[in-house]
Amino acid sequence: MKTTGFLAAALGGLLAATALTSGALAQSTPIKIGVVTPLSGTYTPIGQQVRWGLELAAKEINAAGGIAGRQVNLIFEDEEANPSVAVQKAEKLFQVEKVDFLAGTVNSGSTLAVAQLAERNNKLAATTVSFADSITTDKCSPNMFRVNARAEQQSVALAAWLAKEKPNAKVYYLGPDYEMGRSTVAAFKSSAEKTGSATGGEVFAPLDSKDYTQYFGQIRATRPQVLYTSVAGNDTVRLLTQLQDFGLLTNLTVVGASGTVTSQNIGAIGAAAEGFATGVGYSPQIDSPENKKFVAAFRDATKADPDLYGADSYGLLFAYKAAVEKAGSTETDKVREALRGLTWQTPQGAKTIRAGDHQAMQPMYVVRVTKGKFDIIDSVASDKAIGPDACTRF
Amino acid sequence: MRDRLTNAMRASHVLALIFVAGALALAVIGAATGDTFYLRLGTEALIFAGLALSVDLLLGYSGALSLGQALYFGVGAYVSALTLLKVPSFWLAMLAAGGATLVASIIGGLIANRVRGVYFALITFGLAQVVSKVVYNTRELGASDGMIGIPVIDIGFGPFSVSAGNPVGFFLIVLAIIMGLYWLTAYLLDTPFGRVLTALKANEKRVPFLGYSVWRARMFSYVLAGLIAGLSGALYPMLRGFVSPELMFFATSGNAVISVILGGVGTLIGAIYGSVLLVVLKSIIGSWTEHHLIVIGLIFMICVMFLPKGLIGFIRPRLEERLSEKTPDATPLTSVSLQPGSAKP
Amino acid sequence: MNALDYLQFVLAPQVVNGLALGVAVVLVALGLTIIFGMLDVINMSHGEFYAIGAYAALALGAAGINFWFLLVLVPILMVPLGMAAERLLIRPVFDSKDRHVTTLLVTFGLALVVEDLLKVVFGPNTQRPPTPIPGATELAGIIVPNYRLFLIVVGAAIVSAVAYVVYRTRLGAMVRAAAFDRNMAASLGVPVALVYAGTFAFGVALAGLAGVLLAPIYSVFPTMGRDFILLAFTVVIVGGMGSIWGAVVAGLLLTQVQALASLVISPVWTDPIVFGTMVAFLVFRPQGLFGRLGHA
């Protein structure tokens with residue numbers, strides 16, 4: 001180990017020295033963007049979409065001449081969906097690879113920890129996946145940006161649709177029993193109650209529950225018209241297929257968080273996903289020339305459909321490109337200023353980064369699963385869904 | 001005249017000195033080149049080496065495999081983080097973390113030490129599982145997001161003070177603490193009471209006939225191990241500025257066990273080498289494949305089956321021979337290990 | 001909610017649903033308790049063998065093989081795998097001084113490798129085979145899916161068959177003899193090495209069978225092996241190592257306790273209750289409900 005350590009340290013030093021002397025040549029060297037995302041563990045499928053989205057965007061940007069004439073170079077590190085690994089890998093990218101920008105974190109714990117690290121390294125970072133409200137509200141950071149929709153934007157859109165579709169419905173809530181699950185249920189409940197829904201009851205099931213049938217009795221006894229759930233991944237597969245097996249899906253509208261049914265688990269859920277509705281910032285069905293071009297290119301490159309994570313990650317690089325070209329530099333302070341208030345085009349439509357909390361404002365869609373595809377059934381303008389700026393740090 | 005145990009321990013101490021020399025060289029090179037990342041990665045490896053040390057104290061000396069040692073590491077980290085958020089004092093944080101893990105490991109020890117062998121492994125596993133789930137669900141502790149915003153503190157030694165944000169300074173402080181814990185453990189194991197622990201692993205049934213309390217010895221080593229894990233954990237938020245419930249998860253405990261097996265069970269210094277080795281392995285493998293679990297798993301299995309004394313078991317006997325040339329009556333120690341081919345279960 | 005609703009919608013289905021989950025847990029724990037009780041080996045990779053069975057059912061089912069045939073084929077395919085694992089990983093360390101810890105560590109390493117291999121081969125996404133028996137039956141207002149009724153019946157049949165083989169046949173007697181006193185059994189002409197390998201493979205095949213049966217209900221993904229492991233170990237300890245009837249009673253009881261606790265207290269408490277039960281048994285009745293097979 002000793003020699004490796006020495007070699008590594010010596011090499012690192014050497015690299016640092018060359019970086020200093022070649023400062024004058026910076027204009028022609030590539031722009032390095034670090035990506036710390038889960039490539040192993042439970043969140044692998046999400047990390048895969050992040051990677052595909054960013055790789056496609058980098059390919060297109062590079063083919064069109066790069067950012068301000070400089071090529072984009074993506075450097076990936078596996079964060080194992082563990083904040084302590086994420087921080088270690090992010091520090092490597094900042095310190096050793098000297099990346100100009102960082103993206104990719106998925107779970108909100110990793111995003112928050114990386115935001116703090118970015119501050120201490122005076123670099124900028126962005127998330128394209130984490131939707132916990134705290135990231136751009138009470139735990140906002142001047143060095144972190146979010147280009148995907150947060151939980152509140154999703155619930156506002158979904159609740160507005162629900163009020164039209166099922167006025168004054170009785171809603172039952174089933175969330176995963178951890179912070180994210182509880183806060184998404186609370187956010188949707190307050191949005192839904194504002195638009196006239198009644199609350200039938202709520203239950204929180206432990207993460208990775210094997211069997212949801214033990215809650216079905218309470219659900220049946222309440223006789224709700226709508227079931228809201230914010231479980232995700234394998235848990236959704238089990239919940240929805242078990243609901244179907246027990247014949248509970250007839251006469252029940254199931255709605256949920258944007259991460260509840262995704263392209264990763266919809267195949268396994270099968271027919272039980274039919275009719276599921278959620279509020280999201282993206283659907284491959286968006287009917288615009290930009291999106292059709294993006295979906296075709298994405299399928300071409302990956303043999304898979306993009307989902308919200310792929311699309312938001314794809315869009316991020318274009319925001320960064322616009323900001324760097326506007327700032328005329330990759331320096332942190334200048335790019336931060338350029339990103340604030342930036343409006344740019346994405347396959348999802350125009351997005352604007354709100355200067356006050358670094359949260360992207362974007363049109364929100366309500367999508368419903370029909371024959372295994374997400375059909376857009378409603379949309380909410382970006383300014384209607386965003387909610388007040390609750391960030392007080394800057 | 002020295003006996004075999006002392007001789008083995010002396011060989012470990014020589015390896016410990018080599019380790020310290022290597023670490024100091026890294027610090028010098030790091031300082032000279034203005035490196036931050038490798039020094040801080042090294043600091044993190046040292047912190048997790050403290051956790052591995054505590055696993056080895058249990059597994060290598062009293063023969064108890066803990067699959068949940070990260071519990072005490074996490075308790076130390078969380079208490080240290082909570083203290084630092086209120087009062088940014090290094091000594092107060094260490095004191096609070098030490099006190100909390102002392103209490104936690106006494107409670108845990110009272111439960112886990114009712115059983116032994118594989119049941120001990122399952123109980124420690126379950127205990128960590130349950131506590132980490134509680135932390136994961138407790139809003140006051142940041143729940144699943146963990147806690148960020150732990151300040152970069154200044155560590156004062158009388159008139160001098162070093163910032164935890166200074167890569168070289170903090171690396172040296174952590175090195176001193178972890179090696180201090182190593183020497184303290186080695187010293188305690190060399191006392192007559194420590195020898196009882198070693199006897200436990202060799203033949204637990206005989207120990208009571210020699211007039212020693214098995215329970216007391218096991219309890220002592222359990223609490224000492226918990227304390228070592230907790231004090232190491234207390235350093236984590238000072239380095240990284242946050243804590244998260246993943247620190248208590250099975251992956252953390254599992255990594256410590258892997259480190260001990262890689263480095264060599266029952267050698268103490270092996271745990272420290274193993275921990276550094278694991279960090280290096282992960283970063284090398286991680287740069288060419290995301291399927292590092294396959295490689296780490298295979299190396300781990302090979303070590304358990306064919307290198308039961310790990311890396312140190314490979315090196316130390318040669319060192320012991322050199323050392324014992326001066327004391328002809330001592331022979332290399334081979335009994336304190338997971339060695340195949342010796343008697344019934 | 002009135003009392004009648006509570007009884008009809010909540011309590012009564014709870015018992016029936018708990019029964020199906022209980023059978024699932026017993027099926028997973030069965031192989032574990034046999035390997036643990038007879039070979040004295042802690043198989044930490046048992047969950048991964050369960051996952052391999054589920055993936056095999058998924059892949060072979062997608063290739064057009066009938067589910068009913070898979071119920072026989074997959075366990076048979078698992079046997080050579082189990083034999084190989086025993087020969088390569090367990091036997092070399094079987095006689096080590098601390099067999100429990102060493103076998104636990106080796107199989108822990110195996111679990112890491114298998115989990116990652118499954119991801120390399122089948123990808124990280126969740127998959128699910130179609131439910132072999134669709135539809136549900138309504139009995140006095142309680143809805144039970146047909147496949148769960150089938151699972152309860154088949155589970156009972158499997159447990160009875162395994163118990164018959166172990167307790168009532170000459171083969172079972174040989175296995176129990178080898179577990180009780182290896183040297184004595186060998187001197188009486190029992191091929192001990194073969195019996196050990198066969199027993200391990202049998203446990204692995206049972207895990208594979210559980211994978212085939214449970215995949216349609218609980219879906220298939222690379223980390224599925226970790227799902228049942230704490231619960232299965234608890235069932236083995238509470239039931240008594242190697243005791244088949246103990247595993248049945250403990251499996252059914254624990255899942256009912258869990259189900260009722262999640263109703264009456266809160267779902268979050270299900271894990272601590274399972275763990276608490278395990279600790280209580282280890283401390284007060286380490287031999288479990290039914291004592292240990294072959295070591296009575």
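What you have here is a predicted model, and its overall scores are ipTM 0.86 and pTM 0.86.

Let's start with chain A by itself. It is built from 13 helices and 15 strands. Its radius of gyration comes out at 22 Å, close to the 21 Å that the globule rule gives for 394 residues, so chain A is as compact as a globular protein of that length. Of the 394 residues, 61% count as buried. Now take the contacts in chain A with a separation of 6 or more: 69% of them come from residues 24 or more positions apart.

Next, who touches whom? On the chain A side, 35 residues are in contact with 37 residues of chain B. Helices 1, 3, 4 and 6 of chain A each supply at least two residues to that side. Helix 1 of chain A gives the most, with 10 residues. Here is how the residues on this side of chain A divide by type:

| Type of residue | Side of chain A that touches chain B |
|---|---|
| Nonpolar | 15 residues |
| Polar | 13 residues |

Finally, a look at confidence in chain C. Its mean pLDDT is 86, and 97% of its residues reach 70 or more. Among the elements of chain C, helix 2 (residues 46-62) has the highest mean pLDDT, 94, while helix 11 (residues 270-284) has the lowest, 80. As a reading tip, where pLDDT is low, the predicted coordinates should not be read in detail.

Technical notes:
Residues numbered from 1 in each chain as written. Chains lettered and ligands numbered in written order. Predicted model: local features only at pLDDT ≥ 70, side-chain atom pairs only at ≥ 80, totals over all residues. Contact = placed C-beta atoms within 7 Å. Helix = DSSP H or I, 4+ residues; strand = E, 2+ residues; numbered from the N terminus. Nonpolar A, V, L, I, M, F, W, Y, C, P; charged D, E, K, R; others polar. Rg over C-alpha atoms; globule rule 2.2 N^0.38 Å. Buried ≥ 20, exposed ≤ 12 C-beta atoms within 10 Å, placed from the backbone. pLDDT = per-residue confidence, 0-100.
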